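Subject: Structure handover

Hi,

My notes follow below it.

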Amino acid sequence: MNPYPRRLAFGYSTQCNLNCGHCVAVDDTPAASTMALAEARTAVQELAFSDVKGISFTAGEPLLFLKELIELVRICAKHKIYTRVVTNGFWAKTPALAGDVVAELRTAGLSQLRISSSRWHQKQLSRQHIIHAAEASRMAGLDYFISFVTDFSGKDDSLEQFFQDNRLRYYPEPMIYFGRAGDLNRPKVSTDFYPNTCDMNPYLSPELNMFACCDAAGRFRKTGFLSLGNVKNSTIEELFQRYERNKVYALIKTAGLTALASHIGMKASEIVNYRKCELCEKLFDSPKNLRFIEQAAASDATRWVR
C-alpha cells in the first residue's frame, strides 16, 4: 500500500502576466502553452478516479484563466479533492476586486490560496495586492498563505518585515536556481549538513506530460529521469504506478539526496555546496550516476536512513 496520499501539481497553462527575474518556470523554450479545457476536465475526472487527494493549480499564472479554473475546482470539490491555487495576486488591485475573485473561488470549493511573493514580484506588483488578497481570503474564510520566495539574503528583510507588520501568514520558500534564476548570484548559505529529502510531488503539464517532480520537470534531458509519460498514451493510474514503484524516487523521499551523492563518491565538502534541486540534477541527469544508483536501489539502499 502506498504510504503517500496521491497529490499532483496541475499546470493548466504556462502563461504568466509577470516577467520575474527569479522565475524557475521559464527556460530556453519560453513560449507559453495552455491545456484545452476539455482535456483538463477529463484529466481532473481521471485524477479523481485514481484516488488523488490533492491538486495544486500552478505553472504560469492560473487566475489569468479564472472562469476555467473555477470550473475545474468545482469538479474537484464534487470528488472531495483538496484544491489549491498558486497565484501572484495580480487580480487583487483593490479590496473589492480581491473580494470578488476570492468569493468565486470559495464558492466553487477551493480549499486554499497560495500567494507567491518575492522582491522580484514586487518590482511589478504593489505590496497592497498581497494585503488585499490575504484580507479577502480571511474575510471569506478561505485558508491562505504567502509563499515568500527568498535567497536568504538581507535584501529580503524589508519585505519580510512588511509581512510581519501586517500580520500576514507567510512561509519562506528557498530559491530554486533554474530557469531565469539560473543567472542570479547565489548568496552563501550557512547551515548544517542536511539530508536533502524531497516529497517529489508529481506535475501534469499543459501538454499532458506527467513528471515525478513539479520543480524541475523538463530539465533532465540527458536521462529523462523525471518523465513518467503522457496522458494520451497511458492512463493517469498507470503513470502514478510508475511513480510509486520507482525505487530511486522512494530513496529520494527517505534516504535523501545527500546519502545518494555520498554513495556515488561525492565528498561531503562538495555535496554541501549544492542546493537540493541542483544536487538532484547532478545525480540523475548523468546516465552513469543514474545506473549506479538504480543498482543500489535494487539492493540494500532502502536501509540508508538514520
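Is Phe-225 buried or exposed? Phe-225 is buried, at a relative accessible area of 7%. Buried means under 20% relative accessible area, exposed over 50%, partly exposed in between (1.4 Å probe, protein chains only).

Some ground rules. This is a predicted model: local features need pLDDT of at least 70, side-chain atom pairs count only at pLDDT 80 or more, and totals for chains, interfaces and linings use all residues. Residues are numbered from 1 along each chain as its sequence is written, and side-chain values use heavy atoms, with hydrogens and water left out.

Overall picture

The protein chain has 11 helices and 9 strands. Both are DSSP runs numbered from the N terminus (helices: H or I, at least four residues; strands: E, at least two). Along the principal axes, the C-alpha atoms fill a box of roughly 60 × 45 × 35 Å. Buried residues make up 48% of the 306. Of the contacts (heavy atoms within 4.5 Å) with a separation of 6 or more, 74% link residues 24 or more positions apart.

Parallel strands and crossovers

Strands pair if DSSP finds at least two bridges between them. Strand β2 (residues 54–59) runs parallel to strand β3 (residues 82–87), joined by 4 bridges. Phe-57 stands opposite Val-85 in β3. Between β2 and β3 the chain passes through helix α2 (residues 66–78), in a right-handed β-α-β crossover. Right-handed means that, with the strands pointing away from the viewer, the path from the first strand over the helix to the second runs clockwise.

β3 also pairs with strand β4 (residues 112–117), parallel, over 4 bridges. Here Val-86 stands opposite Arg-114 in β4.

Phe-148 stands opposite Pro-172 in β6. With helix α5 (residues 157–165), β5 and β6 make a right-handed β-α-β unit.

Aromatics

There are 13 aromatic pairs. Rings of Phe, Tyr and Trp (its six-membered ring) pair if their centres lie within 6.5 Å; planes under 30 degrees apart count as stacked, over 60 as edge-to-face and the rest as tilted. Tyr-203 and Phe-211 are stacked, at 6.5 Å centre to centre and 25 degrees between the planes. Both are buried. Phe-220 and Phe-225 are tilted, at 6.0 Å and 45 degrees. Phe-220 is buried too, at 5%. Phe-220 and Phe-225 belong to one aromatic cluster with Phe-240, Tyr-243, Tyr-249 and Phe-284.

Two arginines sit over rings. The cut-off is NZ of Lys or CZ of Arg within 6 Å of the ring centre and within 35 degrees of the ring normal. Arg-127 lies over the face of Phe-162, 5.1 Å from the ring centre. The charged end of Arg-169 is over the ring of Tyr-144, at 5.3 Å from its centre.

Helix α10

Phe-284 also falls in helix α10 (residues 276–284), where 7 of 9 residues are buried. Among them are Cys-277, Glu-278, Glu-281 and Phe-284. Their cover includes α7 (247–254), α8 (257–263), α9 (268–271) and α11 (287–297).

Best wishes
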